Each structure stands twice: as structure tokens, then as C-alpha cells.
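These are my notebook entries on a single protein chain. I set down what I looked up, entry by entry.

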Amino acid sequence: MLKDGFDTGVLPLLGLAVLGLAVLAFVFALMAREDAYRAADKKTKTFWSVLLGVTVVIDYLVWSGWLGGMLFLMIAGLVATIVFFVDVRPALKQVSGGGRRSGGSSSDGPYGPYNGGR
């Protein structure tokens, strides 16, 4: 009885969350410029777009039940999605100038401008 509740309640929600992350990573991969990938030395835009696009399709097919029992494919796609979010996207943001947007000076600290102890 507990297994049935897990199979019909928790697993579909987890699958939907994994699918949502994959879609988000795919959109971010498509929005970045091609030259940013080269400047960050992170494969190519085509590589990440295809990898994350295939991940979205596989995650959807596993979540919808068309590829039932192929959970390892969903886990492999989750690994690719996590690598994109943890490694590739921050490098792309850094190269593209997507860091701080507050307009502060170089002497600003984490809590505001540094005034030299005055």
C-alpha cells in the first residue's frame, strides 16, 4: 500500500520537477550566445542545446510513462542538467558580464561602500 502511494504520488512529482529543471536548462542554453561558450571554454552551444534537448524529450517520455522502467536515462539527464547549472551557466554569465548589476564601485563590500574606517 505504501509503495503504491509512492509510485502514484511522489515519483510523478519528482519526475515533473526533473523535467522542469531540464526545460529551464535547455532554455538558458539556447539564450546564451555562441561566442560565450567558446570564451568560457565549455564545449559549444550546439552540444549543450542538443544534450539538454534530448534530456527534455527523454524526461518527458519517462514521466508520461512511454519509457517506463528507463529511470536511469532520466538520472543521466539530471546529471547533465546539474552540470549545466553548476559549471556551464556560471561560466557563461561571467564571460557575458552577467555578474553584479548594482552599478557599485570597486571599493564596495558585501554590505555597501567601504569608507576606510572613517
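The entries below go from the overall fold to particular side chains.

**Entry 1. Basis.** I worked from a predicted model, in which local features need pLDDT of at least 70 and side-chain atom pairs count only at pLDDT 80 or more, while totals for chains, interfaces and linings use all residues. Residues are numbered from 1 along each chain as its sequence is written, and side-chain values use heavy atoms, with hydrogens and water left out.

**Entry 2. Overall fold.** I looked up the secondary structure and found four helices and two strands. Helices (H or I, at least four residues) and strands (E, at least two) are DSSP runs, numbered from the N terminus. The order of the elements from the N terminus is α-α-α-α-β-β. I then looked up the contacts, where contact means heavy atoms within 4.5 Å. Among contacts with a separation of 6 or more, 62% join residues 24 or more positions apart.

**Entry 3. Surface.** The accessible surface of the protein is about 8,200 Å², and carbon and sulfur atoms hold 68% of that area. Accessible areas come from the Shrake-Rupley method with a 1.4 Å probe; for residues, only the protein chains shown count as cover. Of the 118 residues, 24% count as buried. I use buried for under 20% relative accessible area, exposed for over 50%, and partly exposed for what lies in between (1.4 Å probe, protein chains only).

I also noted a nonpolar surface patch formed by Leu 71, Ile 75, Val 79 and Val 83, with about 340 Å² of accessible area together. Patches are made of residues with over 30% relative accessible area and no salt bridge; like charges are joined within 9 Å and nonpolar side chains (Val, Leu, Ile, Met, Phe, Trp, Tyr) within 5 Å. Ile 75 belongs to helix 4 (residues 71-96). Its relative accessible area is 48%, so I recorded Ile 75 as partly exposed.

**Entry 4. Salt bridges.** Side chains of opposite charge can pair when their charged atoms come close. I applied the rule that a side-chain nitrogen of Lys or Arg lies within 4 Å of a carboxyl oxygen of Asp or Glu. The count is two salt bridges.

Asp 35 pairs with Arg 33, and their closest N and O atoms are 3.0 Å apart. Asp 35 is partly exposed at 34% relative accessibility, and Arg 33 is partly exposed at 46%.

Asp 87 pairs with Lys 42, with the closest N and O atoms 3.1 Å apart. Because Asp 87 lies in helix 4 and Lys 42 in the loop between helix 2 (34-40) and helix 3 (45-64), this pair ties together parts that are 45 residues apart in sequence. Lys 42 is buried, at 19% relative accessible area, whereas Asp 87 is partly exposed at 36%.

**Entry 5. Aromatic rings.** How many aromatic pairs does the structure hold? I found five. Rings of Phe, Tyr and Trp (its six-membered ring) pair if their centres lie within 6.5 Å; planes under 30 degrees apart count as stacked, over 60 as edge-to-face and the rest as tilted.

The ring centres of Phe 28 and Phe 85 are 6.2 Å apart and their planes stand at 85 degrees, so this pair is edge-to-face. The pair links distant parts of the chain, as Phe 28 is in helix 1 (residues 2-31) and Phe 85 in helix 4, 57 residues apart. Phe 28 is partly exposed at 24% relative accessibility, and Phe 85 is partly exposed at 23%.

Phe 47 and Trp 48 are also edge-to-face, because their planes are at 85 degrees, with the ring centres 5.3 Å apart. Trp 48 is buried at 7% relative accessible area, while Phe 47 is partly exposed at 37%. Phe 28, Phe 47, Trp 48, Phe 84 and Phe 85 form one aromatic cluster.

**Entry 6. Charges over rings.** I counted a charge as over a ring if NZ of Lys or CZ of Arg is within 6 Å of the ring centre and within 35 degrees of the ring normal. Arg 89 lies over the face of Phe 28, 3.7 Å from the ring centre. Lys 43 lies over the face of Phe 47, 5.4 Å from the ring centre.

Entry 7. Neither is a glycine, yet Asp 41 has a positive phi of about 60 degrees and Lys 43 a positive phi of about 50 degrees. Asp 41 is exposed at 67% relative accessible area, and Lys 43 is exposed at 57%.
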